[in-house]
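Here is a friendly note to read alongside the structure. Take the points in any order you like.

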Amino acid sequence: MTAAALIEAQGVSKIFPGRGVFRRGRPVQAVRAVDLAIGRGEAVGVVGESGSGKSTLGRLLLGLIPASEGRIRFDGEPLDRGSRAAWRRLRRRMQIVFQDPFGSLDPRRRIGAQIADALVIHGLVPAAERSARVGALLRQVGLEPAHATRFPHEFSGGQRQRIGIARALAAEPDFLVADEPVSALDVSIQAQIIALLDDLRLRLGLTLLFISHDLHVVRHLCDRVVVMYLGRVMEEGPVREVFEAPAHPYTRALLSATPRLDAARRARRILLPGDPPSPSDPPSGCVFRTRCAHARPACAETVPALERHGAATRVACIRRDALD
Amino acid sequence: MLVWTVRRILVSLVLIWIVATVIFTVIHLVPGDPAELLLSSGGMAPDPAAVAELRERLGLDRPFLEQYGAFLSGLLRGDLGASMIDEYPVIDEVLLRLPRTLELIAAGAILAVLIGIPVGTQAALRRGTVFDRATSATAALLLAVPIFVVGTLLVLVFAQWLRWMPAGGYVPLAQDPWQHLTLLTMPALAVAKGLVAVVFRMTRAAVLDSLSRDFVRTARAKGLSPSRILVHHVVRNAIIPVLTVLALHMGTLLGGTVLVEYVFNWPGMSTPLLKAVEARDYPMVVGIVLTISVLFVALNLVMDLVYAALDPRIRHA
Amino acid sequence: MRRLAIPGALVAAIVLVALAAPILGLPDPVQQDIAQRLSGPTAGSPLGRDEFGRDVLSRLIWGARASLTVAFASAAIACALGTLLGLLGGWFRGLGELLALRSMDIVLCFPPILLALLVVTLLGPGSGTLILVLAILFLPGFVRVTYAEVLSARSHDYVEAVRALGAGPLRILIVTVLPNVAGPILVQLSLAVAAAVVLESGLSFLGLGVVPPEPSWGLMIRGARATMAQAPLLLLWPCAVLTFTILAMNLLCDALRDWVDPRTASAVRLRAIDRVLPGLLPPARADAVLQVDRLTVEIDTPAGVIRPVDDVSFAVRAGETVAIVGESGSGKSLTAASVMGLLPPAARIAQGAALLDGTDLLRLDEAALRRLRGGAMAMVFQDPMSSLNPVHRTGDQVAEAILAHRPMPRAAARREAVGLFRRVGIADPERRANAFPHEMSGGMRQRVMIAMAIANNPRLLIADEPTTALDVTVQAQILDLLADLRRETGMALVFITHNLGVVAEIADRVVVMYAGQVVEQGETEAVFARPLHPYTRALLAAVPEGDEKPAGIPGVVPPPHALPPGCRFAPRCPHAAPACEAAAPSLESYDGRLVRCVRVAAWLRETASA
Amino acid sequence: MTPTRRSLLAAGAALPFLGAVPARAQRQPGVLRFGLSSFPPSIQPWVNTGTAAATVKLLIYRGLVSFAPDGTLRGELAESWQNENPTTWVFRLRENAVFQNGDRVTSEDIRWNLEQMAAERSTAFYRGQAQRIARIETPDARTVRLVTMEPMVTLPLWFANYHMMMVSPRSPTGAGSLPIGAGPFVLKGQERGVSLDLEPFDRYYKPGLPKLRGVRMIAYADENLRVAALQAGDVDLIEYVPWQAMASIEADPKLRLDAADGPFMYLTFNTTRPHLGDARVRRAIAHAIRREDIVKAAFFGRGSPLEGLPIPPGSPLFDAELATGWRYDPDRARALLAEAGVPNGFSTNILSTAQYGMHKDTAEVVQQHLAAVGIQAELRLPDWATRVTLGNRGQFDISVMGTTTENNDPDGLTNLIDGSLPASYIRSIGLRVPRIEELLAAGRAEFDEAKRRAIYTEMQRIALAEAPIVGLAWRSQGYAMVPEVRGFKALAGALNFFSGITLEETTIG
């Protein structure tokens, strides 16, 4: 898989300096020692709760923020070096769709102009053909070309999310990061957007990183899922395998905590105690141990490595075999 | 917190040094010669030899850099020098005048808060009503009518017609407290004139903002009385931006109360500053400006601390 | 835009009159006629003559040119330069930030009068110098405003989106950041112009401004003050035009502020006092823990009266949980707000009743409602961060709820609050009661909100999306807590959510709402097992659970001012028939359930036969 | 800050009741409250610190002679004086004159004073005059004989000036200390920048004087406020009554105005600038200005036109014909311009100051009238300090100036028109008229009244032709008081600023 990887991260960490008026807060360890490779055309889901570092990982992979440690290569090229021109060329090939459908569009510009930004910046389409191209993009995401002259506030949340996707697609990217694109939407609209992304992915051969806090959303869209907790990867593997047989106690808790329509599944709920620790003061050893029902003193000793478990899954838990 | 404060103080010291250098340079650059002026009072022609001698005695004949060096070394020893007019130590003049200016500004600010916050709150609560419009218009009027017009009218009405209070002047508090306060009233009102408008506008905006917050809904859901909601939740939250802006304006009033001092004969620090510039009394100008800068910087520092005390989010961030 | 018209026209009128001065056929404003000195209004000079016998009207209008030129020019220069510095400082941070902001601190350290005095003395008085002085004075304000706005704009996703497209900093600053910080800068500009007019008069008064004999308002006031006793009107005229100009500028500035701030620019102007003191409501009848009957809420909008809640009925028994579920815009939160008497001021109850233990909440006056709110009925909101007051300790906020209904010493209330903290599962409650909201996690804050709600043993608890903002593991904790509390206290729980999974977990009965109406109501298990209304079915199908791909519902909820004529769901309904659009369906009973669908019988037959 | 905060709260609380409670300080009987135009920057004798300070100095200090209310000289520390020969003056000291430290005023004290003033590093304003005394002889304790370098008819006038007060040689020295004088009042205390309190000196040499039980001098920099303070009853007497208030004070039965023409406005020229070196152009300017307009616009009619050299009408050397030599005559002005080769006028500038209204207003009127004869003048109105420097350096074309001569003797004109004196902002720049200089010197040395008159008449004729300065307007200088103030008198002409001398005879109530 690594050979064909479009994007590859090795030992990537991100530490944000602490902030505060009176005393400098401790540095926030948002992402720690993450290895991840995404193949061409692959869709990878990143799942975790707030503070798990999943959005930071997405921005690291896009090169929007520099990594504190580790290396990221996109199509073989390192992300952190290169001339302005090379950087811009790379930029075009990687795009992002945001969570907040209200904050991600410039309220003061017509949506057509915003979608056309990529065309202008990268000189993709001659000026005369731009409006036609914008129209085509709008149609591609299920809107009308006539909508191009409207302002963002004239659209509903779901429509804005479609516009956001059209803007990202305008650059003709190879790699798309969707950062919780459906979390703010009603369930009925959420399903529409997932279907749209799924459809686009197949038609355009997009490589997709889909960030979500809901495992179930990932299930229908992604090939592979990465479960993160407090900046570290807990479990990683093919969607089906992780769903059928979650190996990490955190994955299990996450799956079981999601409210279910199906009453039968509800009975086996694993209730995690307390709140996640602060990313600026993570526990030693396994970061999950403070909330884990299966934690042993040994869990505090070493940071568990991601190791093969089951057919294609990798799990970071020293007790993975004992728990089966 | 300690590190933060120390860093702030260091940055402030650099700032004050720059201010001192700028004012020292500019005041020497400005045309006009202190010695010449000193000997020209009352439209008299001074003897050029006397002017030259005085220049020498005041050290004005030395090269600029030498004068600057002497000034800096004096400053490091905490010596602001003495007036070129009457050799009165600058620091004494500042210590004498500063409390009066601070008292005036404080009195004005208190009046502004006492009037501006309640009225601003009411205007916000009655947004769009006649009351709101009338008070907003009044605020604009207060801003628009110059202080020297208002001041003269105040004197005309209260001193000359009604004869309720003296036309102006100053009596030390220790000498006659009652007279002192009486004399403070009109200039304080004049200082409050501009501040009230500012406090009013800020309060109105902040209360409107505060009213739309979710915690006001929570307070209602708790079954709290309107007055408690208003005081404890709405105004308590609105007061932070109001105080910040008020402090900024109070800062600009240091040395900015010239007209009030002039119109009401209040012997504050702005008058000697103005007079010192007019007479090119270099040490006095530089000394007073330095004092004002130090106060301004200190005020900002204190306001940040007060801000933190009022807003726990900053205190603990 | 319309609200900009009047103040805009006023300011434009002032500017136009000033511009038109040369063609108005006015007497020469500097031509002295000492013989007519201080003469009152005459035919030739309607406002009289000044201390040099110059025509006052002419000087006022020509003076406007000087005063306004100085004001606009200085504000414009400060605006351009300040915006540039603020943009650079805010965008590039580091050294740029230091230079842009600290250099402004230096300017601020100089008293304005001194600054004016020094600059004027160095350069000589005159309009040009005055413009320079005022521009320097206003510069820090623009830098600060722009800097703050750029900082906040930086964090917006749309700025990051443009960055992600590979745009250079210049393009981002000009195309994306600048237009979005333009609003506050524009407001600052109008403030600066107004302030400049006042300052011009002050500086000219001190002899630091416009050079005579050129007229300016400040010079006129200066001249008139000396002759106040002889010709008081001379003082009145310039002061009056000055005040009028300031007023117009202030109005324009307020209008601009409203215009650029979408929050205050809502179509309906909220009268803030109504948030705190809603008016009285007409009285009526009584019955059970909570029974909502034919509740209808109306709001007047420029587009006409809308009914975001239309004929909603449901009941909750003691110890029971009823979930109200629906997409955004379905009216579920407004329903809850009606019951609590917390409707936004623009909304009014058009009909219906909400009986809490037999008392009609909709007919109570504010004082009686206040006794019930936080007492017999309590509410938990969606966002615990914004719903808690940031400046008060959480323990005090809970104690405040206790004290509002049960007079007792503060210390006792405080002890009781700590007990409540323990009861809602907050570890180390004594310490946590001293914490401020921002020091807590989201889950803990929601526990505080719940502690506050149950402080006075309510008969009814309304929870409006209480877990939507929380992580799923924390959501599970809160759901358990609410279920436990309900079991222990026997309170009735109304749970508003859009999450069907949550409904399935917590609710005994479910009320499905769509576009302001109840479309289906019944036992939760029965409804989820066999949904009767097409909307309920579509909602369930959209949940990404199980092996089937979730199916979205095409289209969006119709806005309340554009409801379809018949069944409101018909435009999105896969089963819609011509009958659906003909008439509005009523809520009818099937198998102990209520369903609002004309085709439900037919559909039942089809599925039964299939 | 604590008392301040408490006082503020009290002030706020008290505000509504101010109407009911008398807010004024109790007036002390026999104490005069005097409204000064500014707080004296210093009251050091010998040093020129302005006219407000002069009033205070005249309370504390005395010189050998002084001006009587009628303007004539009278004895002070000296009871008599005479001119032994053209270069020798003898002063006979009073028997009972004592300094406020109790020491008798002796001839040695006078010698010490004059030597100090003339000393190398002296800052005395009259140092130049003191240096012209060649020898001081003190034959006995009460006799001072002064021998001047050249004949000096005006010498007694020097000793009446408030810049030549006599102080005790045993005065304390050091920063902040004030020399001991021999005047009727002693400085009791002062609130810096606010007020000065004086009490009578009980061993003042004039029996029964001073009559007041004290003087409280309060500074009011704002002229409107000064008038308001008088009208409100805060003070009993004010100096520098603003011209716009004079009419209403005269009309007020509760107030009295005592004003006289004294100081004057005039133009100076930089004769090195184009056209202004030509006497015809200067004369044209002199004829182009309607002086009444200045009197009206700048001084509210409180003054009179000055169409010649500033010699007051009361002076024995006054010549009514010469006094109107530059009367308003625009046609003559145009003719003179044509004669000078600039029939269409020229462009120039007028230096004045925005800091003082009368300078600014005068300049505005002058500008208007010059424009009428074709001279386009641009106003330059910097602050006073800049204006003085520009004036001294000759960086102007025409300047508006206002001053007063040191006394009513025509010798006082020397300062204004003697081109041999160093460049100064009060004189024209670069203009020397040797004949004027000779005549001024001759006038100073001439003891015969009739010959003196002839000298000055000729000098005026030449000045009218050469126009070294151009007189514009006399301005009224006034004091206003409540009627209870008696015995205070405003001195006429240039002596107006010496009016403080009459405070020793003033009573109140």
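The points below go from chain contacts to helices, aromatic rings and backbone details.

1. A word on the model and its chains. Please keep in mind that this is a predicted model. Which chains share the most contacts? Of the five pairs of chains in contact, that pair is B and C. Chains A and D, by comparison, have no contact joining them, and their closest C-alpha atoms are 28 Å apart.

2. Two helices in chain A. Helix α3 (residues 111-121) of chain A packs against helix α4 (residues 130-140) of chain A at an angle of about 110 degrees, and their axes are 10 Å apart. An angle of 65 to 115 degrees counts as roughly perpendicular, so α3(A) and α4(A) are roughly perpendicular to each other. The crossing of α3(A) past α4(A) is right-handed.

3. Who meets whom there. From α3(A) come Ile111(A), Gly112(A), Ile115(A), Ala116(A), Leu119(A) and Val120(A), and they meet Arg130(A), Arg133(A), Val134(A), Leu137(A) and Leu138(A) of α4(A). Sorted by class, the contact of α3(A) with α4(A) holds eight nonpolar residues, one polar and two charged.

4. Aromatic rings. Over all chains the count comes to 27 aromatic pairs. One of them is tilted: Trp46(D) and Trp112(D), at 6.3 Å centre to centre with 50 degrees between the planes. Trp46(D) sits in the loop between β1 (31-36) and α2 (51-60) of chain D, and Trp112(D) in helix α3 (residues 107-118) of chain D, so the pair ties together parts that are 66 residues apart in sequence. Trp46(D) is buried at 14% relative accessibility, whereas Trp112(D), at 28%, is partly exposed.

5. A second ring pair in chain D. Phe67(D) and Phe498(D) are edge-to-face, with 5.1 Å from centre to centre and 80 degrees between the planes. This pair links distant parts of the chain, 431 residues apart: Phe67(D) belongs to strand β2 (residues 65-67) of chain D, and Phe498(D) to the loop between β18 (485-486) and β19 (507-508) of chain D. Both Phe67(D) and Phe498(D) are buried. In chain B, have a look at Phe24(B), Phe64(B), Tyr68(B) and Phe71(B), which ring pairs link into a cluster.

6. Buried residues in chain C. How many residues of helix α8 (residues 217-226) of chain C are buried? Nine of the 10 are, so this helix is mostly covered; among them are Trp217(C), Met220(C) and Arg222(C). In helix α7 (residues 169-205) of chain C you will find Ile185(C), which counts as buried at 6% relative accessibility. Beyond its neighbours within four places in sequence, Ile185(C) is in contact with Cys79(C), Thr83(C), Phe142(C), Val145(C) and Thr146(C).

7. Cis peptide bonds. In chain C, the bond from Pro212(C) to Pro213(C) is cis, with omega near 5 degrees; Pro213(C) is in the loop between α7 and α8 of chain C. In chain D, Leu209(D) and Pro210(D) are joined by a cis peptide bond with omega about -10 degrees, and Pro210(D) lies in the loop between β9 (195-200) and β10 (214-219) of chain D.

8. Positive phi values. Asp311(C), in strand β2 (residues 304-316) of chain C, has phi near 60 degrees, a positive value in a residue other than glycine. Asp428(C) also has a positive phi, near 55 degrees, and is found in the loop between α15 (410-423) and α16 (429-433) of chain C. Asp311(C) is partly exposed at 22% relative accessibility, and Asp428(C) is partly exposed at 37%.

Key
Residues numbered from 1 in each chain as written. Chains lettered and ligands numbered in written order. Predicted model: local features only at pLDDT ≥ 70, side-chain atom pairs only at ≥ 80, totals over all residues. Heavy atoms only, no water. Axes fitted to C-alpha atoms, helices over the stretch in contact; angles between N-to-C directions. Helix = DSSP H or I, 4+ residues; strand = E, 2+ residues; numbered from the N terminus. Parallel < 35°, antiparallel > 145°, perpendicular 65-115°, else oblique. Left-handed = near helix turned anticlockwise from the far one by under 90°. Contact = heavy atoms within 4.5 Å. Nonpolar A, V, L, I, M, F, W, Y, C, P; charged D, E, K, R; others polar. Phe/Tyr/Trp six-rings, centres within 6.5 Å; stacked < 30°, edge-to-face > 60°. Buried < 20%, exposed > 50% of the residue type's maximum accessible area, 1.4 Å probe, protein only.
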